[in-house]
Amino acid sequence: MANIPESLVLMRVGEGMYSRRGGKGYLKNYTSVKYNAYKLDVINFVQFIFGVSIMSVHVSLPVSVKKIIYTKLLHKV
């Protein structure tokens, strides 16, 4: 299985998208999902720690920085 190279949907997002991608609740849910994946042997312990570490940094970033990351780095069209 692989990702296809072209975008299938182009959409606009509001300012709320950036603010929803953070906070203690977001990190708690993400950690729970990763932990369950680890317990089911879908990912290994290093992948679990790496994922939670990266997400911990991400949720602590200000909304303005998240917006730059999403628009300039991750979603080039």
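Predicted model: local features only at pLDDT ≥ 70, side-chain atom pairs only at ≥ 80, totals over all residues.
I'll start with the whole chain. The protein chain has four helices and zero strands, and from the N terminus on the elements run α-α-α-α. The radius of gyration is 15 Å, well over the 11 Å that the globule rule gives for 77 residues, so the chain is more spread out than a compact globule. Along the principal axes, the C-alpha atoms fill a box of roughly 35 × 35 × 15 Å. Buried residues make up 17% of the 77 residues. As for contacts with a separation of 6 or more, 57% of them join residues 24 or more positions apart.

Alanine 2 sits in the segment before helix 1, which covers 15-20. Its relative accessibility is 67%, so alanine 2 counts as exposed. From alanine 2 to serine 19 is 17 residues in sequence, and in space the two are 30 Å apart, C-alpha to C-alpha.

Now helix 2, residues 24-39. Helix 2 has 16 residues and spans 22 Å from its first C-alpha to its last, close to the 22 Å expected at 1.5 Å a residue. Just after helix 2 comes aspartate 41, with a positive phi of about 60°.

Helix 3 runs over residues 45-60. This helix also has 16 residues, and the reach from its first C-alpha to its last is 23 Å, close to the expected 22 Å. At its start, a side-chain oxygen of asparagine 44 comes to within 3.1 Å of the backbone nitrogen of valine 46.

Which residues of helix 3 are buried? They are Phe48, Gly51, Val52, Met55, His58 and Val59. They cover an arc of only 120° around the axis, which puts them on the same side of helix 3. The face turned away from that buried side carries the exposed residues Val46, Phe50 and Ser60. What covers the buried residues of helix 3? The cover includes helix 2 and helix 4, the latter being residues 63-74.

Histidine 58 lies in helix 3. Buried here means under 20% relative accessible area, and histidine 58 is at 16%, so it counts as buried. Leaving aside residues up to four places away in sequence, histidine 58 touches Arg21, Lys66 and Tyr70. Of these, Lys66 and Tyr70 fall within the 63-74 range of helix 4.

Phenylalanine 48 is buried as well, with a relative accessible area of 11%. This residue takes us to the aromatic rings. How many aromatic pairs does the structure hold? There are five. One of the pairs is tyrosine 35 with phenylalanine 48, edge-to-face, at 6.0 Å centre to centre and 65° between the planes. Tyrosine 35 lies in helix 2 and phenylalanine 48 in helix 3, so this pair ties together parts that are 13 residues apart in sequence. Tyrosine 35 itself is at 38% relative accessibility and counts as partly exposed.

Phenylalanine 48 also pairs with tyrosine 38, and that pair is stacked: 5.9 Å centre to centre, 25° between the planes. Tyrosine 38 is again in helix 2, so the pair with phenylalanine 48 in helix 3 joins parts ten residues apart in sequence. Tyrosine 38 is partly exposed, with a relative accessible area of 27%. Ring pairs link Tyr35, Tyr38, Phe45 and Phe48 into a cluster.

Proline 62 is found in the loop between helix 3 and helix 4. At 45% relative accessibility, proline 62 counts as partly exposed.

How values were computed. Residues numbered from 1 in each chain as written. Heavy atoms only, no water. Helix = DSSP H or I, 4+ residues; strand = E, 2+ residues; numbered from the N terminus. Expected span 1.5 Å × (residues − 1). Buried < 20%, exposed > 50% of the residue type's maximum accessible area, 1.4 Å probe, protein only. Arc of directions from axis to C-beta. Contact = heavy atoms within 4.5 Å. Polar contact = N/O pair within 3.5 Å; in protein donor to acceptor, adjacent residues only side chain to side chain. Phe/Tyr/Trp six-rings, centres within 6.5 Å; stacked < 30°, edge-to-face > 60°. Rg over C-alpha atoms; globule rule 2.2 N^0.38 Å.
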